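Have a look at the model below.

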Amino acid sequence: MLTTGPRGTKDILPDLSSHWRYIESIARDICNRSVYQEIRTPIFEHTELFLRGIGETTDIVEKEMYTFIDRGKRSITLRPENTAAVVRSYLEHKLYADLQPSKLYYIGPMFRYDRPQAGRYRQFHQFGVEAIGAKGPVIDAEIISLAVLFFRKLGLNELMLYINSVGCPKCRPVYRTQLKDFFHEKLSFLCEDCQSRFERNPMRILDCKNDKCAEISNNAPHMVESLCEDCSTHFSQLKQLLTAAQIDYIINPRLVRGLDYYTKTAFEIQYPPLGAQSAVCGGGRYDGLVAECGGQPTPGIGFAIGLERVLLALEKQKLLPEVNTAIDVFVAPLIGAAQAMAFGLLVKLREQGVTCDMDYMERSLKAQMKYANKYPAKYVALIGEDEIAQGKVMFKNMATGEQQLTDSKDIIRMIKEGMEK
Ligand code: AMP
């Protein structure tokens, strides 16, 4: 028990953390260039925020939240996603008073009591982007383009972008009635979950993963055919914008978000080589969410990308960069008495911005040279009896094998010269 982490969690060990930094740096770079600013919200929030902000009829809220009562008897939930928290923060800190739209991004862990399997964990990480305050389709296209750019920059090309429109509170009730009429006589063939969705949230039947439900849903009416003029124009313009940016898409009428505050654009990016858990990005417009959380009606749109799945995809395609463990200098005290001088040099080098390490284990000369080659180190600074006596260091260039007795203050200059070559 004490030597195993909780089910559905993963340690990111040192040899993998550089891969994480790599994908995070690509995400940050794209956001910086597109003028999206980072927001860091707490990993726990009042449970109420998620009940409102995700919706009580969703799987996340019904089955997957990590909720507990804290010592002050408040109901607290580890965030299962971050849009609601970003909206909460937007309202709490009056970000709407700044230039609009607020263009924000986050990277961090999320928590869902999911059934763990490859690509599905209980603690996982999302890179997400939210643009709050703009209602036109250009921002929808920009948000989609950021996700596409992220995958392209990583070299993942076999992506499928699915888009749909889920309408708005004006046109959706008509569609909902059509949908209920359609499913009414097929109700007994639907799975148990869908039978309860029929009354509470019939649009969610459309994205049920059960084979039978999916087969029945195939012939269901499509939301895009019932859109009001505003939603229909928005959707057509979005398609034009994506085409102008050479972003290929497929319209998927079964891509839905059944809650009232989700409006218009819904999209998903799949990476089919991942198999069962191939959804790498989900996003959409949420024009009713800010009001649902207590603010003035304000439009918004965003996406979340699952970073574990991105890593799996990169591993599969061998697209992860080689890990660079090289250092500039390995400081090698050859006798116990050399340790103080070695340590003094180490700290001085670090102060000057040199990447360096030393032997802490009183290894033999041979073992230390072997160790230095493992990084590999460009130089080794050897300090033995003679060097202590002369107050100098035997500085060895590992590529050429040349070595010379050097004053420690000359070392920096030599390293810099070596770098320029
Ligand atoms: P969602 O917030 O459910 O739309 O999820 C957005 C993205 O997060 C998905 O496309 C996945 O890539 C990722 N994701 C969602 N749930 C999990 C999970 N339990 N484990 C790993 N990744 C997940």
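## Aromatic pairs

There are twelve aromatic pairs here, if rings of Phe, Tyr and Trp (its six-membered ring) are paired when their centres lie within 6.5 Å, with planes under 30 degrees apart called stacked, over 60 edge-to-face and the rest tilted. Take F127 and F303: this pair is edge-to-face, with 5.6 Å from centre to centre and 90 degrees between the planes. F127 sits in strand β6 (residues 123-132) and F303 in strand β11 (residues 300-306), so their pairing ties together parts 176 residues apart in sequence. Strands here are DSSP runs of E, at least two residues long, numbered from the N terminus.

Are F127 and F303 buried or exposed? Both are buried, which here means under 20% relative accessible area (1.4 Å probe, protein chains only). Y261 and Y262 make a tilted pair, 5.5 Å centre to centre and 50 degrees between the planes. Y261 counts as buried because its relative accessibility is 6%, and Y262 is buried too, at 10%.

F127 and F303 also belong to one aromatic cluster, together with Y105, F150 and F151.

## Charges over rings

R122 lies over the face of Y113, 3.9 Å from the ring centre. K186 has its charged end over the ring of F182, 3.9 Å from the centre. To count, NZ of Lys or CZ of Arg must be within 6 Å of the ring centre and within 35 degrees of the ring normal.

## Around the ligand

Now for the ligand. It has 14 residues around it, and R112, D114, Y121, Q126 and A279 come nearest; a residue is counted if one of its heavy atoms lies within 4 Å. By class, this shell holds six nonpolar, three polar and five charged residues. Ala, Val, Leu, Ile, Met, Phe, Trp, Tyr, Cys and Pro count as nonpolar, Asp, Glu, Lys and Arg as charged, and the others, Gly among them, as polar.

Which strand gives the most to the shell? That's β10, with three residues. Strands β6, β10 (279-285) and β11 each supply at least two.

Q126 brings a polar side-chain atom to 3.0 Å from an oxygen atom of the ligand, while a backbone N or O atom of A279 lies 2.9 Å from a ligand oxygen. The protein covers 86% of the 480 Å² of accessible area that the ligand has on its own, by the Shrake-Rupley method with a 1.4 Å probe.

## About the model

This is a predicted model: local features need pLDDT of at least 70, side-chain atom pairs count only at pLDDT 80 or more, and totals for chains, interfaces and linings use all residues. Residues are numbered from 1 along each chain as its sequence is written, and side-chain values use heavy atoms, leaving out hydrogens and water.

Technical notes: Helix = DSSP H or I, 4+ residues; strand = E, 2+ residues; numbered from the N terminus. Buried < 20%, exposed > 50% of the residue type's maximum accessible area, 1.4 Å probe, protein only. Polar contact = N/O pair within 3.5 Å; in protein donor to acceptor, adjacent residues only side chain to side chain.
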